[in-house]
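Hello,

Here is the structure I promised to pass on. Could you have a look at it and then read my notes below?

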Amino acid sequence: MDGIAGRTSALNWIVQISVVALVALWVFPTLGLLVSSFRTADQISGSGWWGAMTASEQNLTLRTANPGDDGVQMLVDGVYIVQGQLFDKGSEAAIGVWGTSSLAISEFAPGDTAELSDGETLTVQADGVYIWTSPTQMTGRGQRVFVTATTPPEFTLQNYERVLFSGDSTDGMSQAFFNTLTVTIPATIIPIVIAAFAAYALAWMDFPGRALLIAAVVGLLVVPLQLALIPLLRLHLEIGIGKGYLGTWLAHTGFGLPLAIYLLRNYMVGLPRDIIENAKVDGATDFQIFTKIILPLSFPALASFAIFQFLWTWNDLLVAKVFLIDATGETTVMTNQIVELLGTRGGNWEILATAAFVSIAVPLAVFFAMQRYLVRGLLAGSVK
């Protein structure tokens with residue numbers, strides 16, 4: 001008995017460790033996206049998201065003021081001087097080393113004076129204050145300065161402003177966000193409504209061929225949707241639907257119905273038979289029993305499938321590519337927009353992180369709002 005108890009305890013530890021590992025596997029990347037979405041591009045390139053609360057050392061390319069601008073260049077004792085601040089106003093960054101060439105970024109220490117061409121000199125202090133002198137009047141753009149600076153933690157809302165409110169078709173996600181909602185909400189509601197009626201019929205109504213229909217539903221669960229994409233698109237084109245929201249709703253409905261009917265039927269068949277029989281004795285019709293008794297009692301199963309269907313349609317790219325997105329880009333969804341950002345903004349991690357977190361924020365909210373019904377709905381009918 002001791003050995004059995006010991007093995008059971010070990011299995012419990014394995015299960016608990018596995019659960020913790022799975023939770024960490026999902027939580028840490030999500031937390032990383034959230035933190036990175038509020039950081040600047042320089043901060044992201046300088047350190048990982050786990051170092052967001054500490055100062056980081058970064059290689060920056062800065063530029064002095066343009067000497068040709070009004071009031072920038074001054075003549076003092078026969079020497080032309082341009083002076084100012086390399087960092088933005090209020091910045092607490094501190095320069096460790098600096099240089100005038102990207103190949104010699106650590107050539108000078110703060111306070112050193114660099115000899116430039118044509119008798120020009122440049123002095124840079126640790127706080128970013130500089131003095132640029134020349135024996136002759138200077139023209140053109142400002143002098144580039146390459147620095148290694150220690151910068152304090154910095155967070156910004158500009159990434160979200162750029163992604164959500166810029167109106168730029170390249171970076172903006174606002175249009176794709178509403179397009180995704182337009183696809184997801186009907187594609188979640190329609191199969192739930194149809195599947196609820198079908199599940200009730202398969203669970204509580206006697207008619208010829210019911211067992212065959214149940215077997216067909218179970219068989220459809222294992223059919224890859226990729227097999228039906230092209231034939232279904234051809235059918236849509238033949239009947240005049242073409243590419244659009246209606247075809248996408250119908251495609252998601254068709255692909256989601258087998259799982260919906262299977263889950264709801266398993267739940268409904270486990271409801272107490274006495275309730276339904278008593279309702280029939282009292283003269284209730286099947287429709288009244290379905291709407292006033294079965295549906296309220298089946299809410300956990302309905303919510304469970306709603307979570308699955310919402311996540312599936314929200315994160316879908318394949319079905320949207322086939323049935324919705326056209327050359328104009330007016331009907332693009334968030335998943336496709338993120339793919340486009342990877343191509344056009346592959347180095348702008350602050351934009352990618354913000355766009356990615358915006359795309360998962362709504363599914364996270366839906367899941368946490370309805371997760372208490374998830375397990376109850378999934379386990380329905382599995383134990384008698």
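**The largest pocket**

Two helices, α1 (2-37) and α13 (349-370), each supply at least two residues of the lining of the largest pocket. Helices here are DSSP runs (H or I, at least four residues), numbered from the N terminus. Please bear in mind that this is a predicted model: local features need pLDDT of at least 70 and side-chain atom pairs pLDDT 80 or more, while totals for chains, interfaces and linings use all residues. Residues are numbered from 1 along each chain as its sequence is written, and side-chain values use heavy atoms, without hydrogens or water.

The volume of this pocket is about 550 Å³. A pocket is an open set of points on a 1 Å grid over the protein atoms alone, where a 1.4 Å probe fits and protein lies on both sides within 12 Å along at least five of seven lines; lining residues have an atom within 4 Å of a point. The volume is the space filled by probe spheres set on the points. There are 14 lining residues, and the closest to the centre are Trp26, Thr30, Ile360, Leu364 and Phe367. Helix α1 gives the most, with seven residues. By class, the lining has 12 nonpolar residues, two polar and no charged (nonpolar: Ala, Val, Leu, Ile, Met, Phe, Trp, Tyr, Cys and Pro; charged: Asp, Glu, Lys and Arg; polar: the others, Gly among them).

**Aromatic pairs**

The count comes to 10 aromatic pairs. Rings of Phe, Tyr and Trp (its six-membered ring) pair if their centres lie within 6.5 Å; planes under 30 degrees apart are stacked, over 60 edge-to-face and the rest tilted. Phe38 and Tyr160 form a tilted pair, because their ring centres are 5.0 Å apart and their planes at 40°. Phe38 lies in the loop between α1 and α2 (41-46) and Tyr160 in helix α3 (residues 158-165), so the pair ties together parts 122 residues apart in sequence. Phe38 is partly exposed at 26% relative accessibility, whereas Tyr160 is buried at 15% (buried is under 20% relative accessible area, exposed over 50%, partly exposed in between, with a 1.4 Å probe and protein chains only).

The pair of Tyr200 and Phe290 is also tilted, since the ring centres are 5.5 Å apart and the planes at 55°. Tyr200 and Phe290 are both buried. Elsewhere, ring pairs link Phe177, Phe178, Phe310 and Trp314 into a cluster.

Best wishes
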